[in-house]
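Look at the rings in this protein.

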Amino acid sequence: MRHRVFVFGTLKEGFPNFATNRGTRLPGTFATKERYPLYLVGERCSPWLVDRPGEGEHVLGQVFEVDPGTLDAMDRLERVHEPDGYRRVRIAVEADPGAGTPPVEVFVYLKQAAHLDVSEVRLGPLREYKPEHAMRYRPRQ
């Protein structure tokens, strides 16, 4: 079974944690149907998509179809089983935003709003995580 995952940060093609993402990319750019705040957070400048639908931007990213092993590897990277980790949830995204194509349901990794300390926000809210943002990222030791 394959799963569709929307990636908005370091798991995108060409970004620092892409080696974990062994999926097949769907063509095009996708945007979250709902608005979400995307921030660079903490000394590591980690991209956080915060679970506050209706705030922030229609965040741009990529969609990959992944097998269960890759999904497990992504879960480990995103620390979904840790109290302060991301949560893998389902959301709707739109291909080629504004083109009127039907939304696609995907998994995404969201940070719980209660975990965000605004004093740790380094940048955002952002519409898109770009290479200049990735240059600031520091992997977990």
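In strand S6, phenylalanine 64 is the bridge partner of valine 5. Strands here are DSSP runs of E with at least two residues, and helices are runs of H or I with at least four, numbered from the N terminus. The model is predicted: local features need pLDDT of at least 70, side-chain atom pairs count only at pLDDT 80 or more, and totals for chains, interfaces and linings use all residues. Residues are numbered from 1 along each chain as its sequence is written, and side-chain values use heavy atoms, without hydrogens and water.

S1 (residues 3–7) and S6 (residues 60–66) pair in the antiparallel sense over five bridges. Two strands pair if DSSP finds at least two bridges between them. Four of the five residues of S1 are buried. Buried means under 20% relative accessible area, exposed over 50%, and partly exposed in between (1.4 Å probe, protein chains only).

The structure holds two aromatic pairs. Rings of Phe, Tyr and Trp (its six-membered ring) pair if their centres lie within 6.5 Å; planes under 30 degrees apart count as stacked, over 60 as edge-to-face and the rest as tilted.

| Pair | Centre to centre | Angle of planes | Class |
|---|---|---|---|
| Phenylalanine 15 and tyrosine 129 | 5.6 Å | 40° | tilted |
| Phenylalanine 18 and phenylalanine 64 | 5.9 Å | 55° | tilted |

Phenylalanine 18 lies in the loop between S1 and S2 and phenylalanine 64 in strand S6, so their pair ties together parts that are 46 residues apart in sequence. Phenylalanine 64 is buried, at 1% relative accessible area. Phenylalanine 18 is partly exposed, at 26%. Phenylalanine 15 and tyrosine 129 are both buried.
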